[in-house]
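Good morning, and thank you for making time for this item. I would ask you to have the sequence and the model open while I speak.

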Amino acid sequence: MLLLFHFYGIPQEKDQNLIETTCKNTPNYQLCISTLRAHPGSINTDIEGLGLIMVYAVKAKAIETSNAIKKLKGSQPELRNALNDCSGRYNAILEADVPEAVEALIKGDPKFAEDGMADASLEAVSCEKSFKQVISPLTVLNNAVRDLSDVARAIIRNLL
Amino acid sequence: MKSPSPYIPLLDSGRDPSRGPSKRRRPSRVVILLLAGLLAAALLVAVALNYKGSGESAVNRPEKTVPAVARGVTEGVSAKSFAPLLGALKSNWTNKILAWQRSAYHFQPKKNWMNDPNGPVFYKGWYHFFYQYNPYGAVWGNIVWGHAVSMDLIHWRHLPIAMVPDQWYDINGVWTGSATILADGQLVMLYTGSTNESVQVQNLAYPADPSDPLLTNWIKYSGNPVLVPPPGIHYKDFRDPTTAWLTPEGKWRFTIGSKVNKIGISLVYDTEDFKSYQLLDGVLHGVPGTGMWECVDFYPVSKIQENGLDTSDNGPGVKHVLKTSLDDDRNDYYALGIYDSSTAKWTPDNPIIDVGIGLRYDYGIFYASKTFYDQNKKRRVLWGWIKETDSEDTDVRKGWSSVQAIPRTIRLDKETGSNLVLWPVEEFDKLRLKKKVFDNVEAKAGSVVPLDVGSATQLDIVVEFEVDQKALESINGTNTTYSCNANGGAAERGALGPFGLLVLTDNDQVEQTPVYFYISKDIQGNFSTFFCADHSRSSKAPDVDKAIYGSTVPVIKGEKLSMRVLVDHSVVESFGQGGRTCITSRIYPTTAVGDDARLFLFNNATDAGITASLQIWQMSSAYVQ
């Protein structure tokens, strides 16, 4: 088996290099590395694949945030206005931005994937800002969505 | 003769569009699967399964605050969205404000997303316009060819969708293409398809019934694709074929953008029947560092005449424009040069401002533009896609996204010889209603003058400025440089500027959008004039674009400074010096809307007074059927 590895090169090492170089060109190297390495598909894929993995990470975090918003609507009704704004924004991330980015990456027009991730970041930041005079209960989650989107966007830019 | 290619056309698998997208081709999977037999198979099979597309379940779909509609089935992309008529008040954006944003006289479909103009053409008495369209949502996806017709480029009638992704060779996208009218009047359409393996190929389509002036139905050639990516070209870097032109040998020739590493290039093909092609050696042109060339356009302009030229025209009185949309920065660039039809090569007049690194059609929001030769009125007409610059959340709520620019005529600037001049087509002027004239309005240094025009959201404004001559002469030049987007916008005062208009501005000028000139003078006493649009204070909303756009504008000695500004709700098109420099803006005010939007003249210069003469028309809507 070692012979087989030897014959085909050592794919894991080469692909680790791709992950590292790609992540170095993002605004958050650590987040990029840890997110990609957590996904078994990140070995042995191309930049497009790495971009997709990151987009799906945005999606997962956005779903988590969306669920948190729902819970908060029940437990903290005084934050209703901001939470309604955030609902709309996370709806846009999950129903528009993420599907747009996935489709654009798979079908081969990556600028729309960049647009989707740029907007996802904007929506997360905007949700956070909508808690004007109170402390946002969603800061950690909003920041995570923002950071993941920014990393995804940076990865996708390599394809343009 | 078809050039050899590694892409064997797949048999039509009778593909069921409700299945997910096919898996992406990765040759190393063979290696993985071999190893899987030796190692833990389960983990590696799981790896292989991850890229079957969006088959994974949508976990806990978020509760929607808008009426839910069935999702588009193919790739799980965006659901249809409606602007909510009910629902909670969101922070900045009331339904009233969102409704106000919709344009009155720009082309847009009734709802949903639009992007690139496709196949514009004049045929049997009608102007045809096709466009990239998403029938299911206010975001890019599920792309089909929308279609509309007009007799005057201003009033449009929507027609049924012209082409949908229903063949293996365009199932992942019926993308941008161009029309060519053959010598016998026959119309052919070349367009890019994204295949079931996401390979970009070129396809031929033609009207099902050429005698139908509305060109309602289209047939795709049974032998598609007619072109696949040639050797050395990545299968995702091969799209947007141009209108073809005749070679001296009587063949048809077209060009298509691509890239090699970061060198943007344009490939050239010859054909006699649009079915089989010969790839020419080399490229029409290429520019290092520019990246992928999308929506390439290539056409002649006359050095002598005022009218436009047929795409096949050539000769000593002709220059050729090579234009591209840069994927990298979403701007449209052009350059003037000379085309050698015997070598199929184009050379820029000035390599310093070569394609992609020099002049732009428009310094604002304007992309994927495409011209056509209008043989009806003998002019070259330009279409350009104007996207939204607000958040997707707002687009989903209002249920639409993007407009097209008012079609512009293009001609060579005879005075400078080194740039184009773009101007709204003359038919646009028919929308003018009541006119108000303001003659010789003085604006001293540091002043704002209200212009009482009544409603200020649908306007055509033409202004001429005179700058205090003594100030121009006596001001000391400096060696500081200015640029629209790097300096402080309209609030940064210079000796001789900025001055211009404040559009979509509320009474207290809290929300304001300045469109202005800025004159700078260097130590030798030479003037440079800048034409800018400043969105930094255009809205109190934090989630809209606030950039400052613009560029230098050539001014011939003795010319007055002039601008024309078209205001159409959230779309503003500004033209400096007769269209030498253009800026398209998207503006989303929260208070300067409806009856609260006003128009002002302003002069923020420190040392020069200005005098402005204005003609301002109220504009009617362009009725759309």
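His569 of chain B is buried, with a relative accessible area of 10%; buried means under 20% relative accessible area, exposed over 50%, and partly exposed in between, with a 1.4 Å probe and protein chains only. The phi of His569(B) is near 60 degrees, a positive value in a residue other than glycine. His569(B) is placed in the loop between strand 31 (561-568) and strand 32 (571-576) of chain B; helices (H or I, at least four residues) and strands (E, at least two) are DSSP runs, numbered from the N terminus.

Before I continue, a word on conventions. This is a predicted model, in which local features need pLDDT of at least 70 and side-chain atom pairs count only at pLDDT 80 or more, while totals for chains, interfaces and linings use all residues. Residues are numbered from 1 along each chain as its sequence is written, chains are lettered from A and ligands numbered from 1 in the order in which they are written, and side-chain values use heavy atoms, with hydrogens and water left out.

Phe274(B) also has a positive phi, of about 65 degrees, although it is not a glycine. Phe274(B) is buried, at a relative accessible area of 2%, and lies in the loop between strand 11 (263-271) and strand 12 (277-279) of chain B.

I turn to cis peptide bonds. One joins Asn224(B) and Pro225(B), with omega about 0 degrees; Pro225(B) is in the loop between strand 8 (218-220) and strand 9 (245-246) of chain B. The bond from Gly497(B) to Pro498(B) is cis as well, with omega near 5 degrees, and Pro498(B) sits in strand 27 (residues 496-505) of chain B.

Which residues have the most contacts inside the largest nonpolar core? They are Leu420(B), Ile461(B), Phe465(B), Leu501(B), Leu601(B) and Leu614(B), in a core of 96 residues. Its largest share, six residues, comes from strand 35 (residues 610-619) of chain B. By nonpolar core I mean a set of buried Ala, Val, Leu, Ile, Met, Phe, Trp, Tyr and Cys residues joined through side-chain atoms within 4.5 Å. Apart from this core lies another, of 53 residues, including Leu50(A), Ile53(A), Ala68(A) and Trp385(B).

Finally, the end C-alpha atoms of residues 106-424 of chain B lie 12 Å apart, and that span is 2% helix and 48% strand. For residues 427-618 of chain B, the end C-alpha atoms lie 16 Å apart, with 3% helix and 49% strand.
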